[in-house]
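Subject: Structure handover

Hello,

Here is the structure for your files. My notes on it follow below.

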Amino acid sequence: MSQTIEQITLSVNGESMQVPAGTSLTGLVALMELDTRKLAVERNLEIVPRSQYGATVLQHGDALEIVHFVGGG
Amino acid sequence: MDGITQKAHAGDLGGWTVAGRNFASRLVVGTGKYKDLETTAEAIAQSGAEMVTVALRRVNVHDRNAPMLQDFVDPKRYTYLPNTAGCFTADEAVRTLRLAREAGGWNLVKLEVLGPPPTLYPDMAATLLAAEALIKDGFEVMVYCADDPVAAKRLEDMGCVAIMPLGAPIGSGLGVQNPVMIQTIIENAKVPVLVDAGVGTAWDAAYAMELGCDAVLVNSAIAMADDPVKMAVAMKHGVIAGRLAFEAGRIPRKSSASASSPMTGLIR
């Protein structure tokens, strides 16, 4: 028998993404293979300090902005 | 002209200072518009710049292995100056720079709130509001602004750490179109003044420095040149030449000739 893990839906940089319920922000950036040293995350318009990624459990419907530096003038 | 003379002497050997940070190079460069990150890295290294402007954008959700700016332009080697390009309101600018502060810990920022194309001219009403909000939030604001001495003074009085009027519209390469206004802003300012935008070639950067600017900010003129690395070197020398000429003090312009060789002791 297989156990179904409940999925939640997030908006990540404007795109819909499904992750298992209970995923933390640390889990999400690992899933996305991102280097946390080089980015900043906003969750529902509030900045999440890097030290809080592990403690931040994502909720269904969360809107995340994950940003980094690019070339600019 | 006293203000300018004093400023020149204060800045002579130690480069220039903004918000308590010293920079030997008076050239600040942007990191946008390059064809690739390798060229970005090489041009910036050759420019001798110590401060670079950067933008904050969403990470690419689909291409996670896309090269990152920080792997090519090391934030430990260069002072990152996050900008607010693409922000059209004070709220957007504050939101963007808070994220930049979280991403890199930088308080020193470049505020730019632009009007619509085709001029992309600084929107001064929105810029003043954003500057106020950012300063209140603890940011040290270097501000892109119109060549407007009244607005420039207001931004300085508000607490902006550097005033950065445009020489000409962003990316236009028209050079310094407003030398009188730029000079007026410099004479009135006690904080550094940088010409930001409009430089097309090394001569423009030299000219801006000859007017008495503390530094020049260049992006398109290097990034879009046929040979960006060579143009970066040219800009470096242009800025140095202009600064030295400013400090040396140019001769007055006159309408009559004055012989360079002695008129005595001629053979007969």
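Which residues touch the most other members of the largest nonpolar core? They are Phe69(A), Leu111(B), Leu155(B), Ile163(B), Ile222(B) and Met235(B), in a core of 69 residues. A nonpolar core here is a set of buried Ala, Val, Leu, Ile, Met, Phe, Trp, Tyr and Cys residues joined through side-chain atoms within 4.5 Å. Buried means under 20% relative accessible area, exposed over 50%, and partly exposed in between, with a 1.4 Å probe and protein chains only. Helix α4 (residues 90-104) of chain B supplies the largest share of this core, seven residues. Another core, of 19 residues, lies apart from it; among its members are Leu10(A), Leu64(A), Ile66(A) and Val61(B).

Before the rest, the conventions. This is a predicted model, in which local features need pLDDT of at least 70 and side-chain atom pairs count only at pLDDT 80 or more, while totals for chains, interfaces and linings use all residues. Residues are numbered from 1 along each chain as its sequence is written, chains are lettered from A and ligands numbered from 1 in the order in which they are written, and side-chain values use heavy atoms, with hydrogens and water left out.

Chain B

Chain B has ten helices and ten strands; these are DSSP runs numbered from the N terminus (helices H or I, at least four residues; strands E, at least two). Its radius of gyration is 20 Å, close to the 18 Å that the globule rule gives for 268 residues, so chain B is as compact as a globular protein of that length. That radius is taken over C-alpha atoms, and the rule is 2.2 Å times the number of residues to the power 0.38. The C-alpha atoms of chain B fill a box of roughly 85 × 40 × 35 Å along the principal axes. Of its 268 residues, 50% count as buried. Among contacts in chain B with a separation of 6 or more, 67% are between residues 24 or more positions apart.

Chain A

Chain A has one helix and five strands, in the order β-β-α-β-β-β along the sequence. Its C-alpha atoms fill a box of roughly 55 × 25 × 20 Å, again along the principal axes. Buried residues make up 41% of its 73 residues. For contacts with a separation of 6 or more in chain A, the share from residues 24 or more positions apart is 47%.

Backbone points to check

Most residues other than glycine have a negative phi, and most peptide bonds are trans. The exceptions below are listed with that in mind.

- Pro117(B) and Pro118(B) are joined by a cis peptide bond, with omega about 5°. Pro118(B) sits in the loop between β6 (108-111) and α5 (124-136) of chain B.
- Asn44(A), not a glycine, has a positive phi of about 50°. Asn44(A) is in the loop between β3 (39-43) and β4 (46-48) of chain A, and counts as partly exposed because its relative accessibility is 38%.
- Ala19(B), also not a glycine, has a positive phi of about 50°. Ala19(B) is in the loop between β1 (16-18) and β2 (21-23) of chain B, and its 28% relative accessibility makes it partly exposed.

Regards

Definitions and conventions: Contact = heavy atoms within 4.5 Å.
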